[in-house]
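Morning, everyone. I'd like to walk you through one model today. Please have the sequence and the structure up on your screens.

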Amino acid sequence: MSKSRKRPDGNAKVTGELKYLTDRTFPKMLYAKVLRSAYPHARIRSISTERTKELPGVEAIITHQDVPGVNGFGIITPDQPVFCDDKVRFIGDAIAAVAATSIEVAEEAIKRIDVTYDVLPVLDDPEKSLAEDAPKLREDGNVLYKKNFTKGDVNEGFKRCEAIVEETYHVPRQMHAYMETEGGVVVPEADGGITVYMGTQHGFKDQFQLSRILDLPKESIRIVSSPMGGSFGGKDELNVQPYAALLALKTNKPVKLHQTRAESVISSIKRHPMTITIKTGADKTGNVIAHDVQIVADTGPYATLGPAILDFAVEHSAGPYRFEHVAVNGTSVLTNNAVSGEFRGFGGNQITFALENQMDRLAEQLEQCPTAFRKLNLRGEQDLGPLEQRIVPTTGASDVLKNVEQLKKQIETRKDHPFLRTGVGIAMAMHGGGLGFGRLDGAGGRLSLSDDGKIDVSFGFEEVGQGIVAVIEELTTEALQCDENDITITIGDTNRVPHSGSTTASRGTSMVWHALERMKQEFKEKLCEKAATLTGEPKDELRLGTGGIYKGEVQVLTYRSLRKQLHHDDQVVVETSFDFPTTPDEVDGGHYLYTFAGVLAAVEVDLLTGQVNVTHLHQAISAGEVINELGYKGQIEGGGVMSLGYSIMEDVVMEKGHYTKPNFDTYMLPTISDVPRLTVDAIEKLPDGDGHGPRGVGEIGTVAVAPAITKAIHDALGIWINKIPVDPSIILQAVEKEGGTWWNEFENEQPIASHK
Amino acid sequence: MVNQTTEHTLKANTVVQVAHSVKEALELKAQRPLSSRLISGGTLIQLEREQGKVLPEQLISLEQIPSLRGIEETEDFMIIGAMTTLSECANVECLKTVIPTVASPAVRNRATLGGNLMYTCGDTIPALIALDAKVTVVDGAEERTVSVIDFLPLRADEPIVTHIHIPKESVESFFYQKVGFRKSFSKSQLTVSSMLCLDNQRVQNNVRFAFSDGERAAMRLTSTEQALVGQQLTKSIIQEASETLRKELALIDTATTYQRTVAKNVFISELINRMEGSFE
C-alpha cells in the first residue's frame, strides 16, 4: 500500500466543522414527528386527529388519506405503507405524522392522535408464520420469497461420504447503528416541487419512489443526499423522506424530521436473522461430496430487498469451495418483527458463519488440519462461480488462505494461565460485487471543465462515510495527471450529478474506476485540442498536468485561463453510462467480480466469566489494487469491528414483536475498548490481463469475522458455537460441566505455572 | 379493542433551582417534597429522560455547594465530598481499580460519587461496602454518619449525601471486579468486591464480601465472611468457602445462575490468588 492520501472530507468531519444535512435549518421551518404503531400486529379501527387540531402550533396532521400517489414504498415492491390504513404489521409501522412549530409541540401532537385497534396474534418467529393456521400477513401467505439452487444430487452424494456433519446455526438481527440517525429537511420550492435534504444511498431511487408517492413528476423532486453520518445499507431503502415531503407540500413550509435514536431503533431496517441448517459430507480423503443447506430468514412484514438478500445467501452457500453435489433451499418468511433488509454483507455474513463452521467441524471429524481441508476443497483460478456461472478468473481464494495460514504458524497461544484460555481461528469468504445478473445495475459519470476553471468530476454516488470522495480524488488525479487542487468533486445532488446507480454492493470504487477509464482519454483530448487552438501548439505534444496544460515540462496554459479564453457556450464535457459487469451466463443474480477475505482471530476466553476477549483480528483481502490506503484499511478494520460486535455482543432482541433493547444504553456495540489489535494485508495481484480494475471493499471486511472468532473459541476450549452473538453463559456452562477446568486443577493439586 | 389514548399536557417546564448550601437545598426540597428532585451530576436523570421518564417540575442542583466538593486526607480516612466527580475520585488510591469501570470518561467528568451512591445499583457501592466506607447524610435537621449498608435503605427519603469516609486500610487487600456486557461503558451484569487482610496467611476480622447483580442494591455475603474469618487460607478452607459461597449466592433468588456462578468463580479465584504458593 503506497497511496496514503488523507481523505478530503476528513478534517471537517473530525473537527465537527462539517454540517450534515440533519444540521440544516431554514426560515419558517416546521418540525415533524411520526406516530408509529402501538402494536406489532393489529387491525386499525379508527384514527382520530380531533384532539390534535386544538393544539396551538400544529400546522398539519396527515394520515393515509393524505397520500396523493401510491401509499407504499420499497425499492423493488412498494409494499410498505407510507401510512397504514387498515392494518399494522410491525411496531415501526407509521400511522400519522404531524408538522408543528417546535419538536415539543409535534411530540405532544402525536400523543393526542387517538387510534383504536383490534389486536391480532403476533407472528414473532418464522416458525409461527409458517404454521398452517397462522394468520396471513399477505394475501398469498407468509412466504415472501423462495430461492433454490441445485447441483448434482446430494442424496447420491451423501452415500459416498465417510464423514457427515449436520448442524443448525442461528445468527442475530443486527442494527446498522449509524451515528447520524435518519432525517433532514424537505423544502417546498416556488415551482411546486420540493428539495429533499436527506441522506440516502441512492438519490435517484429516492426521487423515483417519492415521485410515485407524491404523484409529482420526478423532475420536480431534487434530492440532496450527501454527506451523511453512516449508512451501512440501512439508508438504501426510503425511511422518513415521505413524511417530511408530504408535510412540506401540505404546509408549504420547510419541514425538518430527524429521528431520535429510539425512533430510529423502532423504525429502521435490520440485518436478517437467519436459521441455517446444513448437512455436509466428505469422503475419507477430505473431498466434500455433498452439501445440503436450508436457510430460513426472518424478513419482517415488508419486502424491501429481502428477496435479493436471500438470493445472495443462497449463491454464497458453498463460498469459495467447489463441492460436487449442492442443494440449497432458502425461504424468506414474513413476520411481525422488524423489517429486515439491506446491510453490509447482504446475506453473505449469515451463510458464511454457518458454512465455515461446517468446514471446521468436518475437518475435526476427519482429523485433518482445517487449513489443509479448506485447500483441498478450494476453487481454482479458472473455476466456475458458485451458481455454476462464468466469473472473472481469480486466485483470491488461495491467496488469502495462504496469507492467514502463514500468520497462524507465527502466533503462539499461551496455555499457562489458570483462569484464561487462548485460541486462534481462521475463516474465509468469497463475496460478489454489484447487483448480479438480470438486475438493473447501470453506472455512469461525468468530467467537465467548470466555469471557475476546475475539472469537475461528478458521480451519482453518495459519501456515507466509506470514503468514496477520497477514491474519486485519487483516481481522477491519477487518470488526468493533475492534482487535487485542480479538481472539484460533485456528488449527492440529483440536479447536478449523472446516474451512477446505488451506493451499495461494494460497487463504488469499481464504478468510479470504470467510468474514468472510459472518459479520461476523450476528456484529455478535448482539453488538449482546445489548448492547441488557443496556443497554436501542436495538439499531440500537449498533455494534462498539475495546474494546467503542458508541452513537455512547460506549462502552456492553466485550466483557469483555458476556461476563460473559451466562449461561454463552448463547454468541455464528457459523460459515460454503462452497466456493472455481470456474468455472460443467464443465471439470475449471479455475480461476476468477487473479492475474498481470509480472517484470523485470536481470543482469550475468561474461564471465570465465560467472556470472550478478541485480542487480534487479522484480515487478508484480495480485491485488486488499493486505491486509497487509509480508506481501504478503514473499510476492513471498521468492517472487522462491526462484525466483532455481531459475533460477541449485538442482537436486536424482539419479544412478541417488541424491542427489548430500545436504545444504545442496552443495545451493546463495540466501543474503542473492545477493539483488538487489527492488521490488514491487501493482496493486490490479479491474474494477467484482468482489466476489471480495483474491486470495492465496502463489505468484504465484515463477512468472515464471526466464524474465525468462534473457531478461536473452539481452539481455546474445545466448544463449538452454533449461535451468535456468543453467549458467555453458554461458555460458562460448558466450562462448569467439566467441573470448571481451573477449579479441577486447583483441587487436584496440579497447579500450572504462575500467571502473576 | 384497545385505545391508544394517553392523557398528556405539554411537557412541564422543569425549573432548575441552584442551591448554594446544604441548608438551602434542604429548604428547597422541603418546599416541594413531591414535585422536586435533587440533582448532582445529572447523568442518571439524563438517561432516564432519554428513556421517556418525565422530569419533575423542579430540580435542585447541588453543584454550587463548595463544602460538598473535594478530597481530604486525614490520618485514618480519605474523606470525599459527595459532589466530587468520579474522574476526580479516580486519583484516590483505593478507588483506582473501581472508577475506570464506571460508565465512560465523559460521564465520569459529570457524575459524582454521591450521585453514584444514590443510584440504585451504582457500581461503586459494592466497592465502598468492601472498603467499609461510611456515609454522612443530612436529612431534615439531622446529620448522621452510617455504614454503606445502613445508608442504602435511607435513600428512599432522598437525603443529601455530604461526605464519604473511606478508611485507609491496606489497598493490596482490596479486590473489585465488574462484569459488564462489553469492556467499558456498560451496565453491570454483576459486580463483586472484597476486603481480605491476611496476617501470616490468616484471614483477619475485617473480611468483607459484597455482591451486586447490577439491578438491585449491593449486599454483603456474611456467611462467606464468617467461614473465612480467623482461618488460615489453605486449599481446604478455600474449598469450604466455595461451598458456603455457593449456598449463600443460591439464596439470592433475583440472581441468575450465570450471575451466581461468575460471582463465586471470581471470589474464589481471588482467594486462590491470595493463597501462598497457589498456581506457582
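First, a term. Two strands count as paired if DSSP finds at least two bridges between them. Keep in mind that this is a predicted model.

Now take strand β1 of chain A, residues 30-36, and strand β5 of chain A, residues 94-100. They are joined by 6 bridges and run antiparallel.

Zoom out to the whole sheet. It is open and has 7 strands, in the order β3-β5-β1-β12-β9-β10-β11 of chain A. The pairing is mixed. Which strands stand at the edges? They are β3 (58-62) and β11 (221-224) of chain A. Each has a single partner strand, so one side of each has no neighbour in the sheet. From one strand to the next, the twist averages 20 degrees.

Two helices pack on this sheet. Helix α3 of chain A, residues 103-111, touches β1, β3 and β5 of chain A. Its direction makes about 25 degrees with that of β1(A). Helix α7 of chain A, residues 241-251, touches β1, β3, β5, β9, β10 and β12 of chain A. Its direction makes about 125 degrees with that of β3(A).

Next, aromatics. Over all chains, the structure holds 13 aromatic pairs. Look at F26(A) and Y197(A). Their ring centres are 5.3 Å apart and their planes are at 35 degrees, so this pair is tilted. F26(A) is in the loop between α1 and β1 of chain A, while Y197(A) is in strand β10 of chain A. That puts them 171 residues apart in the chain. Y197(A) has 10%, so it counts as buried.

There is also a cluster. F419(A), W742(A), W743(A) and F746(A) form one aromatic group. K235(A) lies over the face of Y178(A), 4.4 Å from the ring centre. The charged end of R271(A) sits over the ring of F343(A), at 3.9 Å from its centre.

On to the cores. The largest nonpolar core has 121 residues. Which members touch the most others? I295(A) and I731(A). Leave aside sequence neighbours within four places, and the contacts of I295(A) include M274(A), I276(A), L310(A), V314(A), V328(A) and I351(A). Another core, of 43 residues, lies apart from it, with I455(A), F461(A), M511(A) and L593(A) among its members.

I455(A) takes us to strand β18 of chain A, residues 455-458. Side chains in a regular strand alternate between the two faces of the sheet. Here, I455(A) and V457(A) point one way, D456(A) and S458(A) the other, and all are buried. What pairs with this strand? Strand β17 of chain A, residues 442-449, pairs with β18(A) in the antiparallel sense over 4 bridges. R446(A) stands opposite S458(A). Their hairpin has 5 residues between the strands, and G453(A) takes a positive phi near 80 degrees. Strand β19 of chain A, residues 487-490, is joined to β18(A) by 4 bridges, and these two run parallel. There, T488(A) is the bridge partner of D456(A).

Last, chain B. An open sheet of 4 strands has the order β10-β11-β14-β15, with antiparallel pairing. Its edge strands are β10 (174-180) and β15 (219-220) of chain B. Helix α10 of chain B, residues 257-274, packs on this sheet and touches β10, β11 and β14 of chain B.

Terms used
Residues numbered from 1 in each chain as written. Chains lettered and ligands numbered in written order. Predicted model: local features only at pLDDT ≥ 70, side-chain atom pairs only at ≥ 80, totals over all residues. Heavy atoms only, no water. Axes fitted to C-alpha atoms, helices over the stretch in contact; angles between N-to-C directions. Contact = heavy atoms within 4.5 Å. Phe/Tyr/Trp six-rings, centres within 6.5 Å; stacked < 30°, edge-to-face > 60°. Buried < 20%, exposed > 50% of the residue type's maximum accessible area, 1.4 Å probe, protein only. Lys NZ or Arg CZ within 6 Å of the ring centre and 35° of its normal. Core = buried A, V, L, I, M, F, W, Y, C linked by side-chain atoms within 4.5 Å.
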